[in-house]
Amino acid sequence: MGGVVAKDESSMASEPETKLEAKIIEAVRRREVKGSSMKSFNSIILKFPKIDESFRKCKTTFEEFDEDGNGAIDPQELKHCFCKLELNFSDEEINDLFEACDINEDMRMKFNEFIVLLCLVYLLKEDSKDQHAIGTPNLRATFETLVDTFVFLDKNKDGYVSRDEMVDAINETTSGERSSGRIAMKRFEEMDWDKNGRVNFKEFLFAFTHWVGIEDIDDDDEEAENA
């Protein structure tokens, strides 16, 4: 009987928290059917400089949609952004995306949050025509790399990355190194923002922007404004 209860609790823990998260998980699982081209965690790390460069080139696009020039995109500006890009999302869906990516809950979307939102849109819009509207070819290739990386980490293909899956991914690269377990735990803790023991695609994206230093761009801008 105890085993049945434990199974039910596990199933409940795996249920998406929002309608948007459910859509993201569904899109991730469809993508996972194709598999991943990533072979090791090291192959991912080697791509960091190129990903960082691609993100930084997107700063101009961010500034274009920051209509009042205050260093952040508000909900209305985001709706204008979707309209200009001719992305077919309802106002409710746009609001849900804004809320999901407004990690500070201050109704102001900073650059790293905007990058995460665009990558979520790339994932959700599988039609090549819709994806073509999202940034430059290099940026779309970067988003594809991020999706591919998440697929590589999600070994059991349930739409989440667990602590054990992260440890396995690190160990595949650093086999025999005593520090590999600590590295894996540190990386996982950086991704698991809500501390629930599993990492969804959105949490993974926010951690990735931190790893490649995208948040530093916002810090540099704030220092320039205060100088």
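This is a predicted model: local features need pLDDT of at least 70, side-chain atom pairs count only at pLDDT 80 or more; totals for chains, interfaces and linings use all residues.
1. Among the contacts in the chain with a separation of 6 or more, 65% are between residues 24 or more positions apart. The chain exposes about 12,200 Å², of which carbon and sulfur atoms supply 49%.

2. The UniProt record, in an unreviewed entry, places the feature "domain: EF-hand" at residues 53-88, 89-124, 141-176 and 179-214. Over residues 53-88 the chain is 61% helix and 0% strand, with the end C-alpha atoms 28 Å apart, while over residues 89-124 it is 69% helix and 0% strand, with the end C-alpha atoms 10 Å apart.

3. Helix H6, which covers residues 75-84, has Glu77, Leu78, Cys81 and Phe82 as buried residues. Seen down the axis of H6, these buried residues fall within an arc of 145°, so they line one face of the helix. The buried residues of H6 pack against helix H5 (59-65), helix H7 (91-101) and helix H8 (111-124).

4. The two ends of H6 also deserve a look. At its start, a side-chain oxygen of Asp74 reaches to within 3.1 Å of the backbone nitrogen of Gln76, and just after H6, Glu86 takes a positive phi of about 60°.

5. In helix H7, the buried residues are Ile94, Leu97, Phe98, Ala100 and Cys101. Viewed down the axis of H7, they fall within an arc of 165°, so they line one face of the helix. The buried residues of H7 pack against helix H2 (19-32), H6, H8 and helix H13 (201-211).

6. Which residues touch the most other members of the largest nonpolar core? Of the 63 residues in this core, they are Phe143, Phe201 and Phe204, and H8 gives the most to the core, with 11 residues. Leaving aside its neighbours within four places in sequence, Phe201 is in contact with Ile24, Val28, Cys119, Leu120, Leu123, Leu146, Val147 and Phe150.

7. Lys157 lies in the loop between helix H10 (137-153) and strand E1 (161-162), and its phi is near 55°, a positive value in a residue other than glycine. Is Lys157 buried, partly exposed or exposed? Because buried means under 20% relative accessible area and exposed means over 50%, Lys157, at 41% relative accessibility, counts as partly exposed.

8. Lys57, by contrast, is found in helix H4 (residues 48-57), and at 56% relative accessibility Lys57 counts as exposed. Lys57 and Thr136 are 79 residues apart in sequence, and their C-alpha atoms are 9.2 Å apart in space.

Notes. Residues are numbered from 1 along each chain as its sequence is written. Side-chain values use heavy atoms; hydrogens and water are left out. Buried means under 20% relative accessible area, exposed over 50%, partly exposed in between (1.4 Å probe, protein chains only). Helices (H or I, at least four residues) and strands (E, at least two) are DSSP runs, numbered from the N terminus. The arc is that of the directions from the helix axis to the C-beta atoms. Contact means heavy atoms within 4.5 Å. A polar contact is a pair of N or O atoms within 3.5 Å; within protein, one must be able to donate a hydrogen and the other to accept it, and residues adjacent in sequence count only if both atoms are side-chain atoms. A nonpolar core is a set of buried Ala, Val, Leu, Ile, Met, Phe, Trp, Tyr and Cys residues joined through side-chain atoms within 4.5 Å. UniProt positions are given in the numbering used here, feature names are shortened, and annotations may be inferred rather than shown by experiment. Accessible areas come from the Shrake-Rupley method with a 1.4 Å probe; for residues, only the protein chains shown count as cover.
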